[in-house]
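Here are a few exercises to work through with the model open. Try each task before you read its solution.

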Amino acid sequence: MQENGTFDVSIWYKTEDGAALGKWISHQREAYRMGKLGEQWSVKLEQLGMQWNPMEASEQRKRETLMRYYGEFGHIQMPMHTEYEGVHLWEWLQGKKKKMGTGTAPGRGTDIFGTIWHCLAVFSGKMGAGV
């Protein structure tokens, strides 16, 4: 944790002194999911920045970054390979556009994120009943 300041490391990550930190973090997450991690320990890890579901946390960070991009530029029609605040937004949106084609992307809603998905559907030519 002190070496790179995050719990977001590969399962194979080892510290400079050889401690298997990646495996240890993975074991802590598994114990948490199974309800076997004590409350005091889980709270302490959360205070240090532990994300129990790193995939969900990553998606949330990307959504929040997209919202800031939208707030700054007023649209999400970005050039290929756009990186914004360290997030490869263009690539991430390409994956979301593919999911729109399969009907697994979020639907159009009344919140700003729903509006962005609506704009994405218009931009990508995927407007349809399920968008």
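**Exercise 1.** Which residues does Trp24 touch, not counting residues up to four places away in sequence?

*Solution.* Before we start, some ground rules: this is a predicted model, where local features need pLDDT of at least 70, side-chain atom pairs count only at pLDDT 80 or more, and totals for chains, interfaces and linings use all residues. Residues are numbered from 1 along each chain as its sequence is written, and side-chain values use heavy atoms, with hydrogens and water left out.

Step one: find Trp24 in helix H1; helices here are DSSP runs of H or I with at least four residues, numbered from the N terminus. Step two: list its contacts, meaning heavy atoms within 4.5 Å. With those sequence neighbours set aside, Trp24 touches Phe7, Trp41 and Leu45. Trp24 has a relative accessible area of 34%, so it is partly exposed (buried is under 20%, exposed over 50%, partly exposed in between, with a 1.4 Å probe and protein chains only).

**Exercise 2.** Work out how H1 and H2 are placed relative to each other.

*Solution.* Start with the axes, which are lines fitted to C-alpha atoms over the stretch in contact, with angles from 0 to 180 degrees between N-to-C directions. Those of H1 (residues 21–33) and H2 (residues 39–47) come within 11 Å and cross at roughly 130°. Next, sort the angle: under 35 degrees is roughly parallel, over 145 roughly antiparallel, 65 to 115 roughly perpendicular, and the rest oblique. H1 and H2 are therefore oblique to each other. Finally, see who meets whom: Trp24, Gln28 and Tyr32 on the H1 side face Trp41, Ser42, Leu45 and Glu46 from H2.

**Exercise 3.** Which residues make up the largest nonpolar core?

*Solution.* Look for buried Ala, Val, Leu, Ile, Met, Phe, Trp, Tyr and Cys residues joined through side-chain atoms within 4.5 Å. The largest such core has 11 residues: Leu66, Tyr69, Tyr70, Ile76, Met78, Tyr84, Val87, Leu89, Trp90, Trp92 and Leu93. Helices H3 (54–73) and H4 (89–102) are the elements giving two or more residues to this core, and H4 gives the most, with four. Apart from it lies another core of nine residues, among them Phe7, Val9, Leu45 and Trp52.

**Exercise 4.** Is Thr82 buried or exposed?

*Solution.* First, go to the loop between H3 and H4, where Thr82 sits. Then check its relative accessible area: at 11%, Thr82 is buried. Last, look around: leaving aside neighbours within four places in sequence, Thr82 is in contact with Tyr69, Val87, His88, Leu89, Trp90 and Glu91.
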